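Here's a quick briefing to read alongside the model. Have the viewer open and click along as you go.

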Amino acid sequence: MSTPTHRLTTAQALVRFLAAQYTERDGVRQRLIAGTWGIFGHGNVAGMGQALVEHAHAMPYHQGRNEQAMVHAAVGYARQRGRLSAQAVTTSIGPGATNLVTGAALATINRLPVLLLPGDYFAAHPADPLLQQLEHPVEADVSVNDTLRPVSRYFDRITRPEALIASALNAMRVLTDPAETGAVTLALPQDVQAEAHDWPGEFFAERVWRVRRPAPDPVELAAAADAIRSASRPLIIAGGGVHHSAAEDALRALADATGIPVASTQAGKGSLRYDHPADVGGIGHTGTAVADQLARTADLVIGVGTRHTDFTTASGTLFQNPGVRFVNLNITAFDAHKLAATTLVCDARAGLTALTEALAGHRVDAAYEAEYRAGKERWERVVEAALRADDDSAVPTQAQVLGALDAVVGDEDVVINAAGSMPGDLHKLWRARSPRQYHLEYGYSCMGYEIPAAVGVQQAAPDTPVWALVGDGTYLMMPTEIVTAVQEGLPVNVVLVQNHGYASIGGLSESVGAERFGTAYRHRVADGSFTGAPLPVDLAANAGSLGMDVLRAKTVGELREALRTARASDRPTCVYVETDPAPTAPPAEAWWDVPVAEVAGREPAVLARERYDREAARRRRHL
C-alpha cells in the first residue's frame, strides 16, 4: 500500500513538521516549538518567509529587530517554560546569520533549547559567489554559518530536501534531551528552502518527545549516601539543574529531613525560598558571607545541577578544608565528574528524592545547624541595611533600587538581569520568593540579554509581571526589542539604572591596577583620558522614542511610586533612575581570578600584582 505524500517546499515542510512536535514530562504535554522569530532578508524571505505565511494558522510568528536579541528572547522563553517548550529563529544569510553566534553560545552554555534556522548560500551554486557569501579558497562548502558549529549542540546544512527528514528528527532529539540540549542549528540554503519535494505523510504526524528523568544507579546512590552520612559539615550547592528538573520540592524535602544547608549559584538561586531555614544564599565570588564561610570549612560539598564555574568555586580558592570531598548529582556525566567527585548521574528530582530516602533518620549535628542559622540571621541584618532607604528625598543607591523593587514585587514576578555590577548585588541581596522569580543569565554574562529575554519570558508567562534590570551600559548594547514589546503588546517593565559607565568593570579595572581606564561614559579631557563631565545622553528619552511609557525617578520616594505604577500598567514601561554611584552592597566574600600585569611601571598595577600573588597562592586542584 503506497504512503500518501505531500508536495511542499522544504521550508513549508519544516514549518509544518515543527508545528506537530510536542514534549511530555510527568504526564504534562505541551508544544515543543511554540513560535518562530524572524527577520527576513536575502536567504530566507522567499523560503521560510513564504512558508510562515502559508502555515500562519499553525506556527505563530514574532518579528524581531536584531538577530542576537531574537535568540535571547527565545532563551528567556525556554527557561521560563522549564526547557519543555522552545522557539525557533530564522534569519537571512551573511550578517543576519553571524549575529546568531552570541545568542547561540549563551543558549548552549546555559543548557537552554533554541532552534536556529539561518539562511545559507545556494546549494547548487548557480551564482557563485553571491551576495554576502564567504569565499573560502580551498573549502567551497564553508559558509559563515559554520561559525555556529562550535556553539551548537547539533548542526547540519540541509543541501537536499530529503535530507531534512533525518536532520529535523535529530534536531528535536537534542532540543528535548535534558543532558544535551542547547542551540540547534539547521542551516538552510536558500534554493533548497524553495525546492519542492514529495514528503511522506508520516513526517507531519504529531510526535511526542518524552523528556526523561533518569534514575540514580544504586551503587552510585549508596556511595553518595555513605559520603553524606560520614560528613560532619556538609553543604549543598543548588545549581540551575534544580530548576530545569523542577526539583525544588525534592530539594526542600532533603533539606528539611537532614538539616544540610543549601547555598545557590546564580542559576540555582530560588531553589529554596530565601526564608527557608536551610537557605544560606548565593555562593562564590558574588556569594553571601554565611555561604562562603560554610564553603571554606565544609568537609563535603554536594553539587546538585551545577557546572562549578569559576565564580561558584572562587577560582579554586573557596573550598579550603584540607579533607574536603565532593558529591556531584548531575544529569550529565561531564559535570558530575568535576572536582574528582563521587558521581550521581541522574535527574535532579529523581536523585534528590532517592537521597532523601537513603538518608532516612540522618541529620546534621545540632551545633552545626545552629551555627549556620545564626550566620543566616546575621546576614539578613546586612541585607536589610543595604536595601533600606530611610530618606525618601535621597538619590538611591543601586542596592536601594533593589530594596524598592523588593517591596513592590509579588511572589510570582520575574526579575531578569545578566551582566555588570547588578548580578553581584542581586546574588547577595535579592530575596527570592519562588522558583522562577530570579532569572539571572550568568553562564555567558551577556550584556544586552535582559530586555529581549524579558520579551520571551512575558510571552511564556503572559499574566506575570516581568522586570528587566539594566544599567546604562547594557541598555546601549541592545534596546531594540523595546519596539517588539510595543508591537506585541507585552507589558514588560524595564528598570533603567543610569550610573554613567561600566560600574562592574570599572571596579574590576581599579582592583587589577588598570585605573578604571575606558570604563566611564565621560567627555575626553586634555590629557586624553575620559574623566570629564558625564555625557549629555538621555536614555529615558530614547526608551520613550521606541514606544515605552517612561517614568523618571530622582529620589527614593519617586522610585517607589514609579515602580508601583509600572507594575500596575498594561503597557511596556521604563522606570529610569540615576543612582548614587557609591557602592553600598556588601563587598565580595571570595576571590575571582583575573590576571594582573606581572611587571608594570605604575604603582596601582604593582600593588595589584602583589595582592594577586597572595590570593593565587591559595588555589587548589581538587583531586
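What follows is a tour by topic, from the sheet to the charged side chains. Keep in mind that this is a predicted model, not an experimental one. A search of the whole structure turns up 35 salt bridges, and the count of aromatic pairs comes to 9. There's also an open sheet of 6 strands and a helix, α16, that is mostly covered.

**The sheet and its helix**

- The 6 strands line up in the order β14-β13-β12-β15-β16-β17, and the pairing is parallel.
- At the edges sit β14 (279-282) and β17 (342-345), each of which pairs on one side only.
- From one strand to the next, the twist averages 20 degrees.
- Helix α8 (residues 218-229) packs on the sheet and touches β15 (300-304), β16 (325-330) and β17. The direction of α8 makes about 130 degrees with that of β17.
- Zooming in on one pairing, strand β12 (residues 234-238) is joined to strand β13 (residues 262-264) by 3 bridges, and the two run parallel.
- Ile237 stands opposite Ala263 in β13.

**A covered helix**

- How many residues of helix α16 (residues 422-429) are buried? The tally is 8 of its 8 residues.

**Rings**

- Ring pairs link Phe17, Trp199, Phe203 and Phe204 into a cluster.
- Within that topic, Phe203 and Phe204 make an edge-to-face aromatic pair, at 5.3 Å centre to centre and with 65 degrees between the planes. Both Phe203 and Phe204 are buried.
- Lys269 lies over the face of Tyr438, 5.5 Å from the ring centre.
- Arg552 puts its charged end over the ring of Tyr576, 5.7 Å from the centre.

**Salt bridges**

- Arg213 and Asp347 meet through their side chains in a salt bridge at 3.0 Å, N to O. This pair links distant parts of the chain, 134 residues apart: Arg213 is in the loop between β11 (207-210) and α8, and Asp347 is in the loop between β17 and α13 (348-358). Asp347 counts as buried because its relative accessible area is 4%, and buried means under 20%.
- Asp411 and Arg273 form a salt bridge at 3.4 Å, N to O. Asp411 lies in the loop between α15 (398-408) and β18 (414-417) and Arg273 in the loop between β13 and β14, so this pair ties together parts that are 138 residues apart in sequence. Asp411 is partly exposed at 35% relative accessible area, and Arg273 is partly exposed at 33%.
- A network of salt bridges links Arg273, Asp275, Glu384, Asp406, Asp411, Arg431 and Arg433.
- Arg552, the residue over Tyr576, also meets Asp538 in a salt bridge at 2.9 Å, N to O. Arg552 lies in strand β22 (residues 549-553) and Asp538 in the loop between α20 (503-511) and α21 (539-545), so the pair ties together parts that are 14 residues apart in sequence. Arg552 is partly exposed, with a relative accessible area of 48%, and Asp538 counts as partly exposed at 35%.

Notes
Residues numbered from 1 in each chain as written. Predicted model: local features only at pLDDT ≥ 70, side-chain atom pairs only at ≥ 80, totals over all residues. Heavy atoms only, no water. Buried < 20%, exposed > 50% of the residue type's maximum accessible area, 1.4 Å probe, protein only. Helix = DSSP H or I, 4+ residues; strand = E, 2+ residues; numbered from the N terminus. Pairing = 2+ DSSP bridges. Axes fitted to C-alpha atoms, helices over the stretch in contact; angles between N-to-C directions. Contact = heavy atoms within 4.5 Å. Phe/Tyr/Trp six-rings, centres within 6.5 Å; stacked < 30°, edge-to-face > 60°. Lys NZ or Arg CZ within 6 Å of the ring centre and 35° of its normal. Salt bridge = Lys/Arg side-chain N within 4 Å of Asp/Glu carboxyl O.
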